[in-house]
Amino acid sequence: MSLSEKLLDFAAELSGAATYAPDSYPEWGYVTYEGNIFEIKALWSTIRPDLKQDLEKTEFIDIKLQEAFRAFDMGDNEVGRDALWDVYNSGIRTLC
């Protein structure tokens, strides 16, 4: 899978988590909060080493992901979702 394809998948996972995480996933769906967050972390761990440009944006994404996961763990869903939307809207698809 190319870096641009990984970035598109990453963006899709972010939008899903920002929309539903952690307690609004439809019960009838196959996507869960845990699965969604796992995919975000897995994708980012494979994407980040390949990014050579815009290191400020990369650092921003690192910080916002940590903020989101910490907020979700503390039950502050609004802060978590906002942090994920910040990443999604930061132009991640243009990092390659």
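**Entry 1, ground rules.** I am working with a predicted model, in which local features need pLDDT of at least 70, side-chain atom pairs count only at pLDDT 80 or more, and totals for chains, interfaces and linings use all residues. Residues are numbered from 1 along each chain as its sequence is written, and side-chain values use heavy atoms, with hydrogens and water left out.

I took helices as DSSP runs of H or I with at least four residues, numbered from the N terminus. I noted that two packed helices are described by the angle between their axes and the distance between the axes. Axes here are lines fitted to C-alpha atoms over the stretch in contact, and angles run from 0 to 180 degrees between N-to-C directions. For H1 and H2 I found an angle of about 150° and axes 9 Å apart. That makes H1 roughly antiparallel to H2 (the term covers angles over 145 degrees). H1 passes H2 in a left-handed crossing, meaning that the near helix is turned anticlockwise from the far one by less than a right angle.

Next I looked up the contact residues, with contact taken as heavy atoms within 4.5 Å. From H1, Leu3, Lys6, Leu7, Asp9, Phe10, Glu13, Leu14, Gly16 and Ala17 meet Asn36, Ile37, Glu39, Ile40, Leu43, Trp44, Thr46 and Ile47 of H2. By class I get 10 nonpolar, 3 polar and 4 charged residues for H1 with H2. Nonpolar covers Ala, Val, Leu, Ile, Met, Phe, Trp, Tyr, Cys and Pro, charged covers Asp, Glu, Lys and Arg, and polar covers the others, Gly among them.

H2 spans residues 33–47 and H3 spans residues 55–73; I found them packed at about 160°, with axes 12 Å apart. H2 is therefore roughly antiparallel to H3. The crossing of H2 past H3 is left-handed. On the H2 side, the contact is made by Tyr33, Ile37, Ile40, Lys41 and Trp44, and on the H3 side by Thr58, Ile61, Asp62, Leu65, Phe69 and Phe72. I list 8 nonpolar, 1 polar and 2 charged residues in the contact of H2 with H3.

The axes of H1 (residues 3–20) and H4 (residues 77–88) come within 8 Å and cross at roughly 155°. H1 and H4 are therefore roughly antiparallel to each other.

Buried means under 20% relative accessible area, exposed over 50%, and partly exposed in between, with a 1.4 Å probe and protein chains only. Of the 26 residues in this core, Phe10 and Leu65 touch the most other members. H1, H2, H3 and H4 are the elements that give two or more residues to the core, and H1 gives the most, with 7 residues. Leaving aside neighbours within four places in sequence, Phe10 is in contact with Ile40, Leu43, Trp44, Ile47, Ile61, Leu65, Val87 and Ile92.

I found Asp23 in the loop between H1 and H2. Asp23 counts as exposed, at 55% relative accessibility. Not counting residues up to four places away in sequence, Asp23 touches Asn77 and Arg81. Asp54 is in the loop between H2 and H3. Asp54 has a positive phi of about 50° although it is not a glycine, and at 39% relative accessibility Asp54 counts as partly exposed.

Notes
Angles under 35 degrees count as roughly parallel, over 145 as roughly antiparallel, 65 to 115 as roughly perpendicular and the rest as oblique. A nonpolar core is a set of buried Ala, Val, Leu, Ile, Met, Phe, Trp, Tyr and Cys residues joined through side-chain atoms within 4.5 Å.
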